[in-house]
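Have the model open and follow along.

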Amino acid sequence: MREIVLSGGLVKTPECGQIVANVFNLPVTLLQAADEGCSWGACVMANYRHYCYRSDQPQIDWATFLESKKTSRSSFGENARFTPQAQSVQTYEQIFQKYKQLMQIEPELRSIMSP
């Protein structure tokens, strides 16, 4: 995986984008124009279908169509971009290693705690 793309809801909070970048140690793009990810995707798919059924347009595949949309200028503003912060990435990795250790002993803990 090279990048995570977020859209809509809680992820519109910039702090969330930075946390996701740090947890996964990947760059994150928060889409400015996609407040509703499902609706946005449905519109893009409808636009592709309309494009394919117009007889005056050359036929292109879905990947090429998406790339053309990605590179066209958008009137919806700039996307926010977050890059992993090394210190935070390290902290989340340490927490995750402790979590994995706890999960290994979870069955034993469960048996001790059950009545």
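Let's start with Asn 25, which is partly exposed, at a relative accessible area of 46%. (Buried means under 20% relative accessible area, exposed over 50%, and partly exposed in between, with a 1.4 Å probe and protein chains only.) Asn 25 sits in the loop between helix 1 and strand 2. Although Asn 25 is not a glycine, its phi is positive, at about 55°. Helices (H or I, at least four residues) and strands (E, at least two) are DSSP runs, numbered from the N terminus.

A quick word on what you're looking at. This is a predicted model, so local features need a pLDDT of at least 70 and side-chain atom pairs count only at pLDDT 80 or more, while totals for chains, interfaces and linings use all residues. Residues are numbered from 1 along each chain as its sequence is written, and side-chain values use heavy atoms, with hydrogens and water left out.

**Confidence**

pLDDT is the predictor's confidence in each residue, on a scale from 0 to 100. The chain averages 83, and 88% of the residues score at least 70. Confidence is highest in helix 4 (residues 86–113), with a mean of 94, and lowest in helix 3 (residues 62–71), with a mean of 76.

**Helix 1, inside and out**

Which residues of helix 1 are buried? They are Cys 16, Gly 17, Gln 18, Val 20, Ala 21 and Asn 22. These buried residues pack against strand 1 (4–6), strand 2 (28–30), strand 3 and helix 4. Asn 22 has a relative accessible area of 4%, and its contacts (heavy atoms within 4.5 Å) include Ser 88, Val 89 and Tyr 92, leaving aside residues up to four places away in sequence.

Ile 19 is also in helix 1, but Ile 19 counts as partly exposed, at 41% relative accessibility.

**Two threonines**

Thr 83 is in the loop between strand 3 (80–82) and helix 4. Thr 83 touches Gln 18, Ala 21 and Asn 22, not counting residues up to four places away in sequence. The C-alpha atoms of Thr 83 and Ala 21 are 5.9 Å apart, although 62 residues separate the two along the chain.

Thr 29, by contrast, belongs to strand 2. Its side chain makes a polar contact of 2.4 Å with the side chain of Glu 3. (A polar contact is a pair of N or O atoms within 3.5 Å; within protein, one must be able to donate a hydrogen and the other to accept it, and residues adjacent in sequence count only if both atoms are side-chain atoms.) Beyond four places in sequence, Thr 29 also touches others, including Val 5, Asn 79 and Arg 81.

Here is the accessibility of both, side by side:

| Residue | Relative accessible area | Class |
|---|---|---|
| Thr 83 | 49% | partly exposed |
| Thr 29 | 9% | buried |
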